[in-house]
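This report is a short walk through one model, written for a reader who has not seen it before.

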Amino acid sequence: MTHSTISISAEVQTALASGQGVVALESTIITHGMPYPTNRDTAMAVEQAVREAGCVPATIAVLNGIPTIGLDDEKLEQLARSDNAMKLSRADLAMAVSKGVNGSTTVAATMILAHLAGIKVFATGGIGGVHQGAAESFDISADLHELAKTPVCVVSAGAKAILDIPKTLEVLETLGVPVLAFGQVNFPAFWSRDSGLAAPLNINSVDEVVSFMQARQTMNIEGGILIGNPVPEADEIPSSKMNGFIEQAVTEAQEQGISGKAVTPWLLGRIVDISDGASLVTNQALIINNAKLAGQLASAVASL
Ligand code: PSU
Ligand code: MN
């Protein structure tokens, strides 16, 4: 079913038309964030968590050049097995379309397509941000600028500690992106609940987020919102433990000259190895946890 240039699954279209909650899900985590079959199993568990919250999941990717909103199990399986999908952000999204190839969408590209489809809430693991050593490398994810521009509420577990979290928060402030920690004072750090830094804003319930979104709307404030939802305590790896793994991976990446869009996938993969698989288990748990909250939020937004 096409909206001239994009394909929206029948289930997602029906949900949008009937006022049921829809949660957008990214696909770079599937193609570049986790190994097969953990990537497929996680993607399916995340979709299930959205359904249990009474919403319809809309995993987003570009398939044979067509931006596709809502993947069935067969397409999800194909994407999870593929090793040639382009990693697409704002800059390269249109190239996958014009070349007619497959691509997975990062937070930035998923926001663009979610907004095009009329989806307001999106669950991911962690956003891209300012990388360590950015003063030299200038490596700052396009996710941050997208949050400033595109009106989608992104539920994340914070920013990965492979990034420079203080600088990431500074850039988000400069860009006017609201950063809300959910249920705690500090901004979460992906695998760990606490980044050691207070979040700029705090909220304790889904209703509070909805009121905040409504207040922004009445003042015509453009752009998205970032929610930092801490990983459940039982699944976290404390930062004291995580920091050693991260330091080793970041040093190795610099030594090996890993650069550009390869940096995030490389570091994530290396940290899975160094942590003996523990980071992957936590990664799965936190994204499912985000899907649950995003589902509650999407239901509340849809019923307005
Ligand atoms: N979080 C994960 N795995 C990932 C990513 C985030 O656990 O693969 C992806 C997201 O798609 C995010 C992207 O948007 O990494 C950021 O990449 P870059 O730094 O190149 O913008
Ligand atoms: Mn980058």
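How much space lies in the largest pocket? In this predicted model, the largest pocket holds about 600 Å³ of space. It is lined by 29 residues, and those closest to its centre are Lys120, Pro151, Met213, Gln217 and Val301. Helix 1 (10-18), helix 10 (206-218) and helix 13 (278-302) are the elements that each give two or more residues to this lining. Helix 10 gives the most, with five residues. Sorted by class, the lining of the largest pocket has 16 nonpolar, 10 polar and three charged residues.

The second largest pocket contains about 510 Å³ of space. Among the 31 residues that line the second largest pocket, Lys87, Thr106, Ser141, Asp143 and Thr264 are the closest to its centre. At least two lining residues come from each of helix 2 (28-33), strand 6, helix 8 and helix 12 (263-274). Helix 2 gives the most to this lining, with four residues. The lining of the second largest pocket divides into 10 nonpolar, 14 polar and seven charged residues.

**Cavities**

A search of the whole structure finds two cavities of 30 Å³ or more. The largest cavity has a volume of about 100 Å³. Its lining residues are Leu25, Glu26, Ile29, Ile30, Met34, Asn39, Thr42, Ala43, Val46, Thr59, Ala123 and Ile287. Helix 2 and helix 3 (38-52) are the elements that give two or more residues to this lining, and the largest share, four residues, comes from helix 3. By class, the lining of the largest cavity has eight nonpolar, three polar and one charged residues.

The second largest cavity has a volume of about 30 Å³. Gly33, Trp191, Leu268, Val272, Ser279, Leu280 and Asn283 line it. Here the elements that give two or more residues are helix 12 and helix 13, and helix 13 gives the most, with three. The lining of the second largest cavity has four nonpolar, three polar and no charged residues.

**Salt bridges**

How many salt bridges does the structure hold? There are nine salt bridges in the structure.

| Pair | N to O distance |
|---|---|
| Glu77 and Arg81 | 2.8 Å |
| Arg90 and Glu146 | 2.7 Å |
| Lys167 and Asp164 | 2.9 Å |

Glu77 and Arg81 are both in helix 4 (residues 73-81), four residues apart, which is about one turn of the helix. Arg81 is exposed, at a relative accessible area of 55%.

Arg90 is partly exposed, with a relative accessible area of 40%, whereas Glu146 counts as buried at 1% relative accessibility.

In the salt bridge of Lys167 with Asp164, Lys167 is partly exposed, with a relative accessible area of 43%, and Asp164 is buried, with 17%. Elsewhere, salt bridges that share partners join Arg40, Asp41, Glu77 and Arg81 into one network.

**Cysteines**

A search for disulfides across the whole structure finds zero.

**Asp139**

Where is Asp139 placed? Asp139 is in the loop between helix 7 (134-137) and helix 8 (142-149). Is Asp139 buried or exposed? Asp139 has a relative accessible area of 18% and is buried, because the limit for that class is under 20%. Apart from neighbours within four places in sequence, Asp139 is in contact with Gly129, Val130, His131, Ala134, Gly260 and Val263. Ser98 is 41 residues from Asp139 along the chain, and the C-alpha atoms of the two are separated by 26 Å.

Technical notes
Residues are numbered from 1 along each chain as its sequence is written. Chains are lettered from A and ligands numbered from 1 in the order in which they are written. This is a predicted model: local features need pLDDT of at least 70, side-chain atom pairs count only at pLDDT 80 or more; totals for chains, interfaces and linings use all residues. Side-chain values use heavy atoms; hydrogens and water are left out. Buried means under 20% relative accessible area, exposed over 50%, partly exposed in between (1.4 Å probe, protein chains only). Contact means heavy atoms within 4.5 Å. A disulfide is a pair of cysteine sulfur atoms within 2.5 Å. A salt bridge is a side-chain nitrogen of Lys or Arg within 4 Å of a carboxyl oxygen of Asp or Glu. On a 1 Å grid over the protein atoms alone, a cavity is a set of points where a 1.4 Å probe fits but cannot get out, and a pocket is an open set with protein on both sides within 12 Å along at least five of seven lines; lining residues have an atom within 4 Å of a point. Grid points are joined across faces, edges and corners, and a volume is the space filled by probe spheres set on the points. Ala, Val, Leu, Ile, Met, Phe, Trp, Tyr, Cys and Pro count as nonpolar, Asp, Glu, Lys and Arg as charged, and the others, Gly among them, as polar.
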